[in-house]
Amino acid sequence: MSRLWPWIVGLIAVLAIWVDIPKHQFSFPFNCPGICFRLPGGASGFQTEIKTHLGLDLQGGTQLVLQLRPDKLPPGTTIPIPELNTQARGVIDRRINALGVSEPVIQALGDDKILLELPGVSDLQQAQEIATRQAFLEIKVPTDGGGFKSLEPPLTGANLKPTSVAFQGANQNQPVVQFEFAAPDDQRWVQLSKDYLRKPVQITLDGREISAPTITVVFTSGSGIIEGGFTTQSAKELSLLLNSGALPVPLEIVQSSRVEPTLGQESIQKSLIAGIIGLALVALFMIGYYRLPGAIAVVALLYYTVLTYAIFRLVPVTLTLAGIAGFILSIGMATDANVLTFERLKEELRSGKSLRAALEEGRVRAFSSIAYSNAATILSSAILFVFGTGTVKGFALTLGIGVAVSFFTAVIVTQMLLRGVLSFPALRKRSLYGVEERDIERARELRATPPVRA
Amino acid sequence: MLFHFVERKWWYFLISGLVIVPGTVFLLLGGLKPGIEFRGGTLIDAQFTSAPANEEVREIFAGLGHSAIVHRAEGERVQIRTPQLDTDQTVAAENALKAKYGSAYVGSTPQSVSPSFSVEILRNALWSVALASLLIVLLIAFAFRSFGWAAFRYGIAAILAVLHDALLVLGVFAILGYFYDVEVDSLFVTAVLTVIGFSVHDTIVVFDRIRENLKLNPGEPLNPVINFSIMQTMVRSLITGVTVVFTLLALYSFGGYSIRNFALALLIGIISGAYSSVFNAAQIISLWQEIEDRLRGRARPQLKGSTPA
């Protein structure tokens with residue numbers, strides 16, 4: 001088994017580097033060897049693009065948290081709240097799709113809230129329209145007093161076939177929205193035209209009148225038009241809203257934020273610089289303090305960085321600013337395992353053991369400390385991940401994955417590299433491991449006297 | 001070569017106290033300022049090529065009917081805090097800034113939280129802290145499960161060391177909040193929880209060595225064993241601390257202002273955690289033993305006196 005490790009470690013490294021290379025994709029069946037750059041337009045067939053998923057704070061966009069307000073529904077509504085939530089998300093999803101926002105996030109937060117993330121949308125008012133416009137269409141009939149009232153039960157837009165924009169008028173330049181009721185509401189629409197012939201009916205959207213045409217003929221089908229003095233744009237918008245369906249429940253924005261794409265770009269650059277400098281500082285320190293093992297630790301650390309980033313891209317983990325902070329912090333924590341190993345190695349070397357024996361002894365004795373240390377951090381990351389929200393989750397996930405990967409690199413990769421180095425006779429001097437002959441002498445003297453004195 | 005870690009414990013406690021006591025005072029003075037996440041409201045972080053005077057910006061918002069608290073922030077930014085604005089009001093305010101400053105106004109990052117939702121966010125944060133604390137206590141209990149009766153005092157000492165670190169971070173941010181209006185958000189809570197996890201583990205490593213050495217040297221007095229154990233684990237504690245501090249320093253200095261406070265909270269906490277596990281945690285064990293010895297010492301003469309003949 002131990003003969004296999006170098007091959008496995010090497011293979012993982014190659015795969016990780018391949019995954020890390022920006023902007024390429026798996027194509028199936030493989031139609032290009034090695035790295036496939038994404039072609040504009042894209043080829044048909046199965047394609048999974050591997051890329052770094054960036055959070056809103058890094059790529060710019062708008063985030064909303066929406067609160068369901070079932071208390072604002074007419075009394076007697078009996079749909080359970082989780083069902084309302086699912087329906088509302090469906091409606092918002094259709095609206096976003098129609099607008100062509102790429103990679104939106106529409107998630108339930110508990111039963112009564114919805115998280116909405118719109119990358120690339122920097123118009124807060126547009127986001128609000130998408131999220132909170134109820135688009136509740138209702139046909140009302142005249143009362144004796146000259147007002148309008150709902151039918152019993154109300155005739156609403158719930159049962160509409162897809163609507164479309166048409167043009168009418170003398171020059172065919174007046175945009176209108178064509179609609180058609182599906183069964184059984186089409187029969188009610190026909191009946192309504194009989195009941196209220198030569199009287200006005202009111203078409204309302206979210207309680208506001210759009211138009212109040214007078215019925216001039218008895219309808220023969222469920223179709224009709226809405227003419228509300230539209231522009232082409234507003235007619236299209238209304239048609240889209242009606243096609244996406246009405247929100248089953250009023251939604252209220254309880255949290256909103258917007259990040260400019262340029263600011264996100266800046267954050268990426270800054271955290272990249274911070275990461276490189278942090279890594280460089282740790283590398284310098286490790287080599288300065290531990291010499292040859294330090295250099296090995298740095299190789300392991302680079303391996304760790306490449307592998308972790310590849311995992312982020314594969315899973316995929318959406319990277320936020322806090323997530324990157326977690327990643328950078330995990331670089332520092334990943335060295336802990338190496339420090340534990342090297343300190344034991346030094347201790348064993350000072351006690352006069354041969355390099356090979358010291359290495360083996362150090363490995364065995366450091367293992368439980370490393371396992372324990374990593375378990376503690378993974379545990380606290382798990383708590384943060386389960387109970388945290390947004391930013392906190394991102395941080396916990398990257399920190400947790402980072403620490404788990406560091407366990408692999410510290411136990412397998414570092415040990416393997418150390419053993420590999422020992423096969424070169426020129427690298428078998430104790431001084432390369434930070435232990436001089438006089439250290440061994442001193443340790444021997446210390447052992448001669450009891451270590452603990454009163 | 002033995003350091004007198006235990007004998008100088010009062011000095012180390014004093015150093016901790018010098019930071020914790022003022023911090024606690026400012027905590028009690030309400031120095032810890034909740035961010036809009038925990039309080040509700042709107043924060044508009046506006047970027048300029050050359051930042052205008054706070055008063056001027058405040059007047060623009062007053063003109064729109066919003067009472068605003070305006071702060072200058074680094075990098076030609078101005079932070080404007082108001083009660084919760086709705087989307088239309090936010091956009092109107094941004095347009096007013098654009099109209100007034102033209103191309104000098106680069107753009108802004110608005111963030112709004114409704115007061116009702118902020119209550120929920122705060123409650124979640126407190127829950128996660130409570131749960132994490134419970135788990136930490138369980139983790140300590142698990143780590144010291146084979147210590148026998150001594151587990152109790154080791155557990156208490158570890159919890160005290162963790163409280164030390166949490167209190168220190170909270171205190172420093174209370175001071176920063178009191179004087180510089182630095183606010184705390186859920187990232188801050190995350191930082192505190194991360195620090196707690198890190199610190200507990202550091203302390204457990206030291207205590208583990210103490211137990212190991214007590215077993216290897218039966219009958220030895222406690223204090224020298226503690227000194228020796230701290231020495232053995234100190235290098236590892238320091239080096240691990242130093243590497244984490246290096247990465248955090250890089251994050252603090254180059255990571256941009258959005259995560260600067262987060263990096264600062266972690267930095268303070270990790271340094272405090274390394275300090276408390278080397279200079280405080282085991283010293284508490286020693287102090288406990290000394291108090292116990294003194295109480296017994298006082299009890300013994302009485303015992304002798306009560307049994308004459």
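Analyst: One definition comes first: a residue is buried if 20 or more other C-beta atoms lie within 10 Å of its own, exposed if 12 or fewer, and partly exposed in between, with C-beta atoms placed from the backbone. This is a predicted model, in which local features need pLDDT of at least 70 and side-chain atom pairs count only at pLDDT 80 or more, while totals for chains, interfaces and linings use all residues. Residues are numbered from 1 along each chain as its sequence is written, and chains are lettered from A and ligands numbered from 1 in the order in which they are written.

User: How does Arg291(A) count by that rule, and why?

Analyst: Arg291(A) counts as partly exposed because 17 C-beta neighbours lie inside 10 Å. Its phi is near 55°, a positive value in a residue other than glycine. Arg291(A) sits in the loop between helix H7 (261–290) and H8 of chain A. Helices (H or I, at least four residues) and strands (E, at least two) are DSSP runs, numbered from the N terminus.

User: And what about the phi of Asp206(A)?

Analyst: Asp206(A) is not a glycine either, and has a positive phi of about 50°. Its place is the loop between strand E11 (202–205) and strand E12 (208–211) of chain A. In general, most residues other than glycine have a negative phi, and most peptide bonds are trans.

User: Which way is the peptide bond from Ala183(A) to Pro184(A), cis or trans?

Analyst: That bond is cis, with omega near 5°. The bond from Val315(A) to Pro316(A) is also cis, with omega near -10°.

User: Changing topic, how many residues of chain A are in contact with chain B?

Analyst: The contact involves 56 residues of chain A and 56 residues of chain B, where contact requires C-beta atoms, placed from the backbone, to lie within 7 Å.

User: Which strands pair across the two chains?

Analyst: E14(A) and strand E5 (residues 105–113) of chain B pair in the antiparallel sense over three bridges; two strands pair if DSSP finds at least two bridges between them. Gln255(A) has Val113(B) in E5(B) as its bridge partner.

User: What order do the strands of the open sheet have?

Analyst: The eight strands run E5(A)-E6(A)-E4(A)-E14(A)-E5(B)-E2(B)-E4(B)-E3(B), with antiparallel pairing. Strand E5 (105–109) of chain A and strand E3 (69–73) of chain B stand at the edges, each with a single partner strand, so one side of each lacks a neighbour in the sheet.

Note on methods
Contact = placed C-beta atoms within 7 Å.
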